[in-house]
Amino acid sequence: MALTIRRALSFGGLSDATVVAGENGLDRPLESVSVLEVANSDISKWALKNQLYITSFYAIFDDIEKQKEVVNTLIGCGCCGLVLCYVGTWVQEIDSEIIRMCDEAGFPLLQGNSDVSYIDIMRPILDNLSETSDNSDIGDKNLPLRNEILRIIVDEEDDNVIFGRINKRLRKKISYYNTYGKLLFSDQDKAVLEKEELFVAENFNHILYTCSETGHAIMDIGSRHCLVALIRSRKNLFGLFILDGAETFSQEMEETLIDALVVSGALVLKRRNRTEEYRDKAMQEYVTDLIIWNFQLPENAEDRAKALKVCINDKNRMVIININSIQRQKANRQKDIQQYIKQMILPRLKEYICKLNSSNWLAMRSDMILFFLVDEGMNMLEFCERIKSITMDRSQFSTSIGISKRICLEREIPEAYNSARLAALLGRKYYGENRITNYEEVYFFAKLEEIRLDENARAVGEQILKPLISYDEIHGTELLRTLFVLIKYKENTQSASQELYIHKNTLLQRKNKIVGLLGISPFEMPYEINFTIALMIYKGDAWVL
């Protein structure tokens, strides 16, 4: 029975997808599936008829015209549908014109569940389309080679050493990449490797599709004729490898070299993934203890730091990036953003800070990225602008950056953390988002936050404002809010009247009434300070100057 879009919606990663448009085309034959992140009509050169494409429109999330161009090209090429993933993370909502185009063409446009990855969608469809056996199954013919490689894996713990020894044993120069197209290991020459990495970065999704059916393909990378193969099991994709010598490719080579590398690569990368998961968990626990100093002795903290291959005894500054966008998303989308940041942004941030000082390190905790720094006369503003640029590169993330006060001792790290965190959060509250804030800039705001928790201070603030509060309650007026807005705009009647939606004359009448009820002018020093603090304590977060 031929596979159709309608049938594909009944199993695997599309089982809880939503049909947004093109319902009349659900019975189109589905003959292949691929990932699409190319941002223009060039896809017409290789888009296939009856092929289903999966995308997040990452490269063009903010360009609706290019999105329409891509969809129109897919329709023109006779493709059978498009799955749009992570809506709300990249593309905020699907444009109504795109929906209309797909409905008119009977071109199925599906919205994937945000918890489902590309691979979760592709793999069940590919399994349904093909009855070929899993390329990673181990047979008996080549057990000596596989067992020899297995011994290398068992004997060594360092992945780079393992890959190097495998390459030496096979007398091949082989590059290994993870599922994000990032290089893990290679013994290729630097010039050759630069071209190869660029090729993988620009063609990663196309590589996955080309290799999806047989597990490997011959590709030209620069002047090299290369064999590219997926490292996968039936259920999981772990990465890929690239080696020279495709000219000598044969059935025997497929049954020996490729199968051996796929099996060994899957073992190494699966172990690597688990190791990274364990380290990440250990790092999370350590950072949690570090920022509250949950240690009896400094030596205990230093020993755990050494085990994680980081250093704390030379740190004198912290910076925190708060990713405001994370908390505004639903729980499943929060995980998507956190995973994206960990895989795509943290490595770039780590590379940058380690170039400044190899002892610098970072960790992600919930919606924050924590930087533990050696500040030896650093230009902190310049540093923060750079990490902000890296974090926000081609994303819609809203951030707030806080710079801690300087510290001298490792046991003062909790103070550095709290001061950087307050700088980020209070900086966002009082100065706005996407700002860089020093702790000194919010020091008094932090003290004000403490005063707000004091019942006596709240009672005094309410007493100071009581004449206006009582008058508003009796007469249904807004004198208290008018006082706040006038102080906020430094008595600029035009700005204040616009925010209050009243005429200037009405505003002046209210101002005179306020002065009359209070018996003093709250717009003159030193009374202005008193009334400003009283307003901020009494109204809390509702009114922020």
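P526 lies in the loop between helices α18 (504-518) and α19 (527-539), where helices are DSSP runs of H or I with at least four residues and strands are DSSP runs of E with at least two, both numbered from the N terminus. The peptide bond that leads from M525 into P526 is cis, with omega near 0°. The structure is a predicted model, in which local features need pLDDT of at least 70 and side-chain atom pairs count only at pLDDT 80 or more, whereas totals for chains, interfaces and linings use all residues. Residues are numbered from 1 along each chain as its sequence is written, and side-chain values use heavy atoms, with hydrogens and water left out.

The protein is divided into domain 1 (5-133), domain 2 (143-272), domain 3 (308-449) and domain 4 (454-539), with bounds taken from an automatic or database domain assignment. Between the C-alpha centres of domain 2 and domain 4 the distance is 70 Å. An unreviewed UniProt entry places the feature "domain: PucR C-terminal helix-turn-helix" at residues 479-535; such annotations may be inferred rather than shown by experiment. In the model, this span is 74% helix and 0% strand, and its end C-alpha atoms lie 12 Å apart.

In helix α3 (residues 96-105), the buried residues are I98, M101 and C102; buried denotes under 20% relative accessible area, exposed over 50%, and partly exposed the range in between (1.4 Å probe, protein chains only). These residues lie on the same side of α3, because they cover an arc of only 95° around the axis, the arc being that of the directions from the helix axis to the C-beta atoms. The exposed residues S96 and E104 are carried on the face of α3 turned away from its buried side. The elements that cover the buried residues of α3 include β1 (18-21), α2 (64-76) and β5 (109-111), contact being defined by heavy atoms within 4.5 Å. From β5 the chain continues into the loop that holds S114, which lies between β5 and α4 (118-129). S114 has a relative accessible area of 7% and is therefore buried. The C-alpha atoms of S114 and T89 are separated by 8.7 Å, although the two residues are 25 residues apart along the chain.

The structure holds 13 aromatic pairs, a pair being formed by rings of Phe, Tyr or Trp (its six-membered ring) whose centres lie within 6.5 Å; planes under 30 degrees apart count as stacked, over 60 as edge-to-face and the rest as tilted. One of the pairs joins F163 and Y176 in a stacked arrangement, at 4.0 Å centre to centre and with 20° between the planes. F163 belongs to helix α6 (residues 159-170) and Y176 to strand β6 (residues 174-177), so the pair ties together parts that are 13 residues apart in sequence. F163 and Y176 are both buried. F163 also forms a stacked pair with F185, at 6.1 Å centre to centre and with 25° between the planes. This second pair links distant parts of the chain, since F163 is in helix α6 and F185 is in strand β7 (residues 183-186), 22 residues apart. Relative accessibility is 1% for F163, which therefore counts as buried, and F185 counts as buried because its value is 16%.

The charged end of R386 is placed over the ring of Y352, 5.7 Å from its centre. K511 lies over the face of F523, at 5.2 Å from the ring centre.

Further features occur in loops. R171, in the loop between α6 and β6, has a positive phi of about 55° although it is not a glycine. With a relative accessible area of 75%, R171 is exposed. N434 likewise is not a glycine, yet has a positive phi of about 60°, and its place is in the loop between α13 (413-431) and β15 (436-438). The relative accessibility of N434 is 28%, so this residue counts as partly exposed. N357, situated in the loop between α11 (331-356) and β12 (361-365), counts as buried because its relative accessibility is 18%. Not counting residues up to four places away in sequence, N357 touches V374 and E376.

Notes:
A charge sits over a ring if NZ of Lys or CZ of Arg is within 6 Å of the ring centre and within 35 degrees of the ring normal.
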